[in-house]
Amino acid sequence: MLYDALIGPFTDFEFMRRALAAVIALALAGAPIGVFLMLRRMSLVGDAMAHAILPGAAVGFLLSGLNLFAMTAGGLIAGFAVAILAGVVARSTGLKEDASLATFYLASLALGVTIVSIKGTNIDLLHVLFGNILAMDDQTLLVVAFNATVTLLVLAVIYRPLVIESVDPLFLRTVSRAGGPAHLAFLALVVINLVNGFQALGTLLAVGLMILPAGIARFWSRDLTAMICIAVIAAAVSGYAGLVLSFQTRVPSGPAIILVATLLYIVSILFGRVGGIVRQLFPGRHLEA
Amino acid sequence: MAALHFHNLTLGYDRHPAVHHLSGEVAPGALVAVIGPNGAGKSTLLRGIVGILKPLDGTIHLGGLDARDIAYLPQSAEIDRSFPISVFDFVGTGLWRGTGLFGGIGKAARDKILQAIGAVGLSGFENRPIGTLSGGQMQRVLFARVLLQHARLIVLDEPFNAIDGKTTADLLALVKRWHGEGRTVLAALHDMEMVRNHFTETLVLARGPVAWGPTAEVLTPENLLVAMRMCEAFDDRAAACAAVEIGSRAA
């Protein structure tokens, strides 16, 4: 009975196995990126970028259909264009960078939806906005895995400057020029992982599998390495449980995954070891020293 | 060879000078106090030396020093204290020059880090997140990092602000140890008593240099009065500065 519910779907159906593999790849690469987004106070920047890359991905979709490689390339170009344009506008007009980014991503979202609607059907539009991890073919799965691998390799390269730049940017500037390139590489990784999340979760929810696990991890550890591990596990568990939930009920896969992650997040807020609400309400007697 | 040479140096923001026409040199191994009222350009001068601010005019010669031979302790460090990093790892970033992006932290490096943490009196704090430290403890951590940087030129911007007497004494002892090791130390300071007792050379700054030389000769009430009178505000309608030293054109 329990076997039928939890494991059966994956042994019986190939599309479920592919979906599980994809979700684990997304968790491995996306969750560490999410942790850094959160620690660098860029959680909402990730969200804005997710919308900003839509027109690029949409142009890729226009040219070659639901091909993740074309959509990734388009998304990368659009993401960088918006990030750079927003930065330029902010610097040359005195508009704050977040306000500038907000206008650009809203415009991008509108443009992206328009482009998809021109060629595709409403189904396509739904697909782009909310994803459908159950419709993943082998080629797409390989692209997802490839992007995840690249993400982890690049993250390993820029890890040290990225950490130092997050803690003490001025110090890094005085000892090295690696800060700027590391930041840019990090932004590129954000975009790559957002596009990666497209197929599974869609534009609107892609950032969810990055930020929610990071938020969960924050409630369980004060150590960066531990936070990254916890975030990856939380993302993978959410992905698996979301797939099962989606299979057993009629909830679409993307929202199911994010809802499970949300549930874990709420549990963490309540019972987390670091700053959880229950801990705060019942801290125990104060210590001697 | 001079460790540091300023030639008709003007530093500032938006074309407004904060340090105006400063010339002079700092000998290798000198222990220099930079004093002056708030807004006199002390921090600006130090930021120019470490290279995060480009001169508006004139030049700074580092006398063969690489940017990585300089350790800089800013006045209000933009440190994100909420970032989950331990004292050990944070101090360890001082070894960047040796480790770079990938260099491993081996046994020898670990010992060095532990020694530096011990030298600032924070043994036992290695695994504490930096977010849990007090202001004085954080300043000790920053000194430990400077210690590890093993720099030939050390630049400290008001390092003893809001620090209690015991911590100040401990950290000042470190500064004197660096001096003893032949490193050049420049420190922006406000405590005249400390400058008089511990620093051999003093630069009184009030946008332009008021006086520069051996502390006993420079630290006079007259010089301090001149410095205090300095007008702090930028004049938005100021004309372009006409004073051009002949030498700077030749250089």
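## Packing of H13(A) against H14(A)

In this predicted model, the axes of H13(A) and H14(A) cross at roughly 130° and come within 7 Å. Angles from 65 to 115 degrees count as roughly perpendicular and those over 145 as roughly antiparallel, so H13(A) is oblique to H14(A). The crossing of H13(A) with H14(A) is right-handed.

On the H13(A) side, the contact is made by A:Ala234, A:Ser238, A:Gly239, A:Ala241, A:Gly242, A:Leu243, A:Leu245 and A:Ser246. H14(A) contributes A:Ser253, A:Ala256, A:Ile257, A:Val260, A:Ala261 and A:Leu264. By class, the contact of H13(A) with H14(A) has 9 nonpolar and 5 polar residues, with no charged residues.

## Packing of H12(A) against H14(A)

Helix H14 of chain A, residues 253-271, also packs with helix H12 of chain A, residues 208-218. The angle between H12(A) and H14(A) is about 15°, and their axes are 9 Å apart. H12(A) is therefore roughly parallel to H14(A). The crossing of these two helices, H12(A) and H14(A), is left-handed.

From H12(A), the residues that meet H14(A) are A:Gly208, A:Leu209, A:Leu212, A:Pro213, A:Gly215 and A:Ile216. Their counterparts in H14(A) are A:Ile257, A:Ile258, A:Ala261, A:Thr262, A:Leu264, A:Tyr265 and A:Ser268. The residues of the contact of H12(A) with H14(A) comprise 9 nonpolar, 4 polar and no charged.

A:Ile257, A:Ala261 and A:Leu264 of H14(A) take part in the contact with H12(A) and also in the contact with H13(A).

## Contact between chains A and B

Chain A gives 21 residues to the contact and chain B gives 19 residues. On the side of chain A that touches chain B, helix H9 (138-167), helix H10 (169-175) and helix H13 (224-248) each supply at least two residues. H9(A) provides the largest share of that side, 7 residues.

The side of chain A that touches chain B is made up, by class, of 13 nonpolar, 3 polar and 5 charged residues.

## Overall form of chain B

Chain B has 10 helices and 9 strands. Its radius of gyration is 19 Å, close to the 18 Å that the globule rule gives for 251 residues, so chain B is as compact as a globular protein of that length. The C-alpha trace of chain B spans about 55 × 40 × 35 Å along its principal axes.

Of the 251 residues in chain B, 40% are buried. Among contacts in chain B between residues at least 6 apart in sequence, 71% join residues at least 24 apart.

Conventions: Residues numbered from 1 in each chain as written. Chains lettered and ligands numbered in written order. Predicted model: local features only at pLDDT ≥ 70, side-chain atom pairs only at ≥ 80, totals over all residues. Axes fitted to C-alpha atoms, helices over the stretch in contact; angles between N-to-C directions. Helix = DSSP H or I, 4+ residues; strand = E, 2+ residues; numbered from the N terminus. Parallel < 35°, antiparallel > 145°, perpendicular 65-115°, else oblique. Left-handed = near helix turned anticlockwise from the far one by under 90°. Contact = placed C-beta atoms within 7 Å. Nonpolar A, V, L, I, M, F, W, Y, C, P; charged D, E, K, R; others polar. Rg over C-alpha atoms; globule rule 2.2 N^0.38 Å. Buried ≥ 20, exposed ≤ 12 C-beta atoms within 10 Å, placed from the backbone.
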